[in-house]
Amino acid sequence: MADRGVVGANLFGAQQAARGPLNRYPLWRYALIAGIVALGLLYAVPNLYPPDYALQVSADNATRPVDDAFLAEAAATLDAAGVAVVGAELTGRGALLRVASNDDQLRGRAALDAALNPAGEVRGFVIALNLASTTPAWLDGIGGKPMAKGLDLSGGIHFVLEVDVDSAVGKRLEDEADNIRARLREARLRYVRAGGMVREGAIRIGFNDATDRDAALALLKEDYAAPNYVTAAAEVDGRPGAVVEVDAAQVEEIEDYAIAQNMVSLRNRVDEIGVSEPLVQRLGRDRIVVDLPGVQDASEAKRILDKFANLEFHLAAKADDRPSELEEMPYEGRTRRIQRSIIVTGDRVTNAVQGYDPQTSLPQVNITLDSIGGERMHDATAPNIGHSMAIVFVEQQPVKQADGSVVLRNDRRLISVATIQAALGYSFRITGLSAREAQELALLLRAGALAAPMRIVEERTVGASLGEENIERGMYSVVAGFALVLLFMPLYYKVFGLVADLALTLNLVILVAVMSLLGATLTLPGIAGIVLTVGMAVDANVLIFSRIREELNRLPPQRAIQAGYDRAFLTILDANVTTLFVALILLSIGTGPVAGFAVTLAIGIVTSMFTAIMGSRAVVNLIYGRRRVAALAI
Amino acid sequence: MPATNFNFMGARRIAAAISAVLLAASVLAVAFAGLNRGLDFTGGALVEVGFAEAADLPSVREALAGAGFDNAVAQNFGAQNEVLIRVPPQAGRDQSTVGDRIMAALAATQPGVALRRSEVVGPSVGEELTEQGGIAMLVALGAVMVYIMFRFTGKFAVGAVAALAHDVVVTLGAFAVFRWTFNLAELAAVLAVIGYSLNDTIVVSDRIRENFRIVRRGKPVDIVNRSLNETLGRTLVTSLTTLLVLVALLLAGGEQIRGFATALTIGVVVGTYSSIYVSASMLLAMRVTKEDLVLPEKEAAEEVP
């Protein structure tokens, strides 16, 4: 470990160095450095291939498939509208048409929208603005990809939604309170009805006397035991009572479920907007971030995010139903008649999964309702065994208007009709489906209502022109700052300054490579972080070179180089470790711009340690290592 | 750089006076005038619009007032044809449509207006950020202190943290005095100032420690002076290169990055000063001695190869 110094050993540094050949790296070390540099170059290169502007067309409610004929027709449509198509291909997500500019992209979208989606009908195709990769296949094959641009650079909309998780917990408590009422009635235990049970985040039940309370408590402790619940005796409104609380871990689980469920619904909706690379991510305890790059119309995006879907369970028509009570709907090619009255809606569905019948191994969908839903289901199905039950999926569909704007229309669609074989309760199953049908039905059942209401608490829109300007200015300032430093270093440190320049350039390349590999997003503050890293990364070399200059006063050149690197090392390490702390703290508090800056800073510190110490040393060794040196150009 | 021999510490009392005045002014400015907190922290709405030609601000304001935004502030942002409109948060009102309504109001009366950027932040988000930002700063200072105590000694840790706190307070003070908008990006810059200033302080402290160990004779004040002179070249070169890139950011980076670059520029200048006159002076004030820094015999023996 020739380049590692320990403060205590510094006094002996000269002796230590005299034993081995001075300023020569073993071959493996050069190979290692060359290898890392080569990898850095390789993975930084994809950033030199800027993505093409593109339009991605995928079928939404379309009747015709997206195939080669479709592709040719779409390209012809664009040509006719004066939009030059640079390339057209079919991908897993539909047709991808590359165009020359952002302007062409917007005009192309309008032209395709006019041709593909007739006014007054449910939108058949989603036409998304996209950026198509131009990374060569061999680079793509080894995982090379350019850095994604943040919203402040690409333009787009950023939403933060707050999920009312308390209401999810509250709903759960209400359900359990219903169960408790039923249990107490069954056991003929009288409780105080006034005032409602769910108060202050717990179920509170008052009793007329302590005997009833104790009997009830014994009963409740069976159902509401640790670790999920905390059930205890307490005074409620001045009477003997019992309190059932949901355990903190369980509360967290309910919250997590609500957030996860809402994120699923959000992703479904975001797909409707026509965004190629949306980001839907949880933020902290109760927030969800939605980033929609390229989207410019905030009000349309908001309308679609607010769009809801729901389920309704109905009984199929019976012989004696009056026509006014019935509704007709197509199902599997036939018209089915169902009762208008609803048994339960989707917000009573707590879970729906595809499974298999343990006896027959045939696919089925297992549905779980909450207690109120279960009761209603029982009341409705018990007298109707042998009849059919229908499930209707209600969804808001975007409908294009004559003026090109989009409004939402409620669409109702029958997704299942099944014979009721027994009185159903809170848990039942639908059988007689193929595996695929079962899977789809379960998905639809889950995609229904939101688990908890949410609202937009933050919204940022960056126009496309501002995004381009930000990139231009950001890049210009990186280049200018970098050039200034590159000019200054050789002026001050001569040959060693050139070595520092080389190290600095490598640092930039490796920093870009690591950020690309990690899939980090480049933002405006991220660019500032790069600039700052450039400025600060020089510090390590400055420390080393100043030290070499000092050592030259008492040591011959070769030893001065050795001592300079050795003695500066610990200082550099201390300084960088503490800066890394700060970067990590920034990362832990920050989202968006702060995180972008912190990530760049943290990666930059690590890469600069490598290039400034090992990289520059390797070059210095190559220049001065194997010869007699009378004086250093420093 | 030729070997210098400035008597830095000779001026330490004057410097202490300057620092005290700066600190007092900054604390007063932050306490009484307060930071001009931006949208990220206060919540509210902001719309940046671009015009084909120079914007007619009075008519923009008229259009805003006509649409019910009496308390909106419209001003030029960077260029004559760009206008930034800020709407303060309104308690209990959903502001998610503010951006759309402002654009609608402007489009009706101002030909050629185009949306550049619009932001709406709920008040609760802002409150949380203020809290988190403060905590982050304290955690950063604490973590740094522990690390330096571990790597150096308690006296160095106190000196370093005093220097960092000095830099943060003076930078915040400048933002309060000049009423520059303080947003999340500026908070990031202040935290980066902590990182930078620390870098400087550690380099200087490292040399002071080294000299205390190897210089056999001399008063502490002379050893500190010598260390400062030895590291002066490096301190200036690093500050210069960092300032070079910051000036590039400041001049070329555009309006959105200006506050960030300003905060860092102030921080770098103040940080360079503080590594000399706050952390080193503090060491002397705390009567640092050789005994504080001489390695225990055992450890030294172990590290001899």
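For this entry I count two strands as paired if DSSP finds at least two bridges between them. I'm also keeping in mind that this is a predicted model.

Strand pair first. I looked up E2 (residues 44-50) and E5 (residues 114-121) of chain B, and they pair in the antiparallel sense over 7 bridges. Within that pairing, B:Leu46 stands opposite B:Glu119 of E5(B).

Then the sheet around them. Which order do the 8 strands of the open sheet take? I read E11(A)-E12(A)-E6(A)-E21(A)-E5(B)-E2(B)-E4(B)-E3(B), with antiparallel pairing. At the edges I find E11 (279-283) of chain A and E3 (73-77) of chain B, each with a single partner strand, so one side of each has no neighbour in the sheet. From one strand to the next, the twist averages 20 degrees.

Next, what lies across the sheet. I found helix H3 (residues 57-66) of chain B across E3 and E4 (79-87) of chain B, and H3 runs at about 145 degrees to E3(B).

Last, a helix pair. The axes of H5 (residues 123-151) and H7 (residues 184-214), both of chain B, come within 11 Å and cross at roughly 5 degrees. Angles under 35 degrees count as roughly parallel, so I log H5(B) as roughly parallel to H7(B). On the H5(B) side the contact is made by B:Leu129, B:Gly133, B:Ala136, B:Met137, B:Ala140 and B:Val144; H7(B) brings B:Leu184, B:Leu187, B:Leu191, B:Ile194 and B:Leu198.

How values were computed
Residues are numbered from 1 along each chain as its sequence is written. Chains are lettered from A and ligands numbered from 1 in the order in which they are written. This is a predicted model: local features need pLDDT of at least 70, side-chain atom pairs count only at pLDDT 80 or more; totals for chains, interfaces and linings use all residues. Axes are lines fitted to C-alpha atoms, for helices over the stretch in contact, and angles run from 0 to 180 degrees between N-to-C directions. Helices (H or I, at least four residues) and strands (E, at least two) are DSSP runs, numbered from the N terminus. Angles under 35 degrees count as roughly parallel, over 145 as roughly antiparallel, 65 to 115 as roughly perpendicular and the rest as oblique. Two residues are in contact if their C-beta atoms, placed from the backbone, lie within 7 Å.
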